[in-house]
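Student: Could we go through this structure together, with each term set against its definition?

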Amino acid sequence: MTELLQHQIDYYRARAPEYDEWFYRLGRYDRGAEHTRQWEAEAQQVRDQLHSQSGFGHILELAPGTGIWTGELIQIGQRVTALDASPEMININRAKLQSDRVDYQQVDLFEWRPQRQYDLVFFGFWLSHVPAEKLAAFLDAVNAALKPGGRLFLVDSRAPDLATSHTGAEDLGQDLQKRVLKDGRRFDIVKIYYEPAALSAILRGHGFAIEAATTPDFFLYADGLKAS
Ligand SMILES: C[S@@+](CC[C@H](N)C(=O)[O-])C[C@H]1O[C@@H](n2cnc3c(N)ncnc32)[C@H](O)[C@@H]1O
């Protein structure tokens, strides 16, 4: 397990320069204008839900990557603390946002224990990379990182998108995928897809008053509060 989680970090360190092509449907993720239009509309649905509340003081973003969501968070809060294991991801995020209201820390989230509490905790496309046996400890840490009544928001992949993929992702079963970078390097990583009802139940079991939902095709998201 330790080796797998290190491979996962190594994968994202190596993928950092090409990571944004996935979200912006470029290069080998380009499946045509109609697909991109629908993807962007569904991403906007999630952004709109995130922006449905604002005025947060201090936001914690876990696994922020290149800043696709950090840029949204800084619009709805005063400060963002962003924790990622990859210095390459952090460097891209910092260069893109150029904000003195974002504080970056290189942290392994499987070792992380919160030192303070935040008004909002956010993670995008991270939960699906948390192995089942690490999920409870991770969600307990997230709960501990939130102030009473604080907001939890997460977004992730809705379902395997492998059938029409020409991106080299291969489902290995047992919550594992093989991912291939543009230069052919291959990495095994954890990838778990949740159904909204099951995810809602898991999150409620860890002290959140929350409901998960999906966009029509691509995204799963959950928006709620730390239960009192
Ligand atoms: C799928 S990306 C998500 C990035 C961003 N949240 C987004 O939505 O675009 C996963 C992120 O998790 C980070 N990561 C992987 N393993 C980690 C770990 N053990 N601790 C902290 N971050 C980790 C990677 O560096 C990468 O930035």
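Tutor: Helices here are DSSP runs of H or I with at least four residues, and strands are runs of E with at least two, numbered from the N terminus. This is a predicted model, in which local features need pLDDT of at least 70 and side-chain atom pairs count only at pLDDT 80 or more, while totals for chains, interfaces and linings use all residues. Residues are numbered from 1 along each chain as its sequence is written.

Student: What makes strand 1 and strand 2 a pair?

Tutor: Two strands pair if DSSP finds at least two bridges between them; strand 1 (residues 56–62) and strand 2 (residues 77–84) have 6 bridges, in the parallel sense, and therefore pair. Phe56 stands opposite Gly77 in strand 2.

Student: In what order do the strands of the open sheet run?

Tutor: The 7 strands follow the order 3-2-1-4-5-10-9, with mixed pairing.

Student: Why is one side of strand 3 and of strand 9 left without a neighbour in the sheet?

Tutor: Strand 3 (102–106) and strand 9 (208–214) stand at the edges and each has a single partner strand, so one side of each has no neighbour there.

Student: What does Leu154 touch?

Tutor: Contact requires C-beta atoms, placed from the backbone, within 7 Å; not counting residues up to four places away in sequence, Leu154 touches Phe122, Phe123, Leu127, Tyr221 and Ala222.

Conventions
Two residues are in contact if their C-beta atoms, placed from the backbone, lie within 7 Å.
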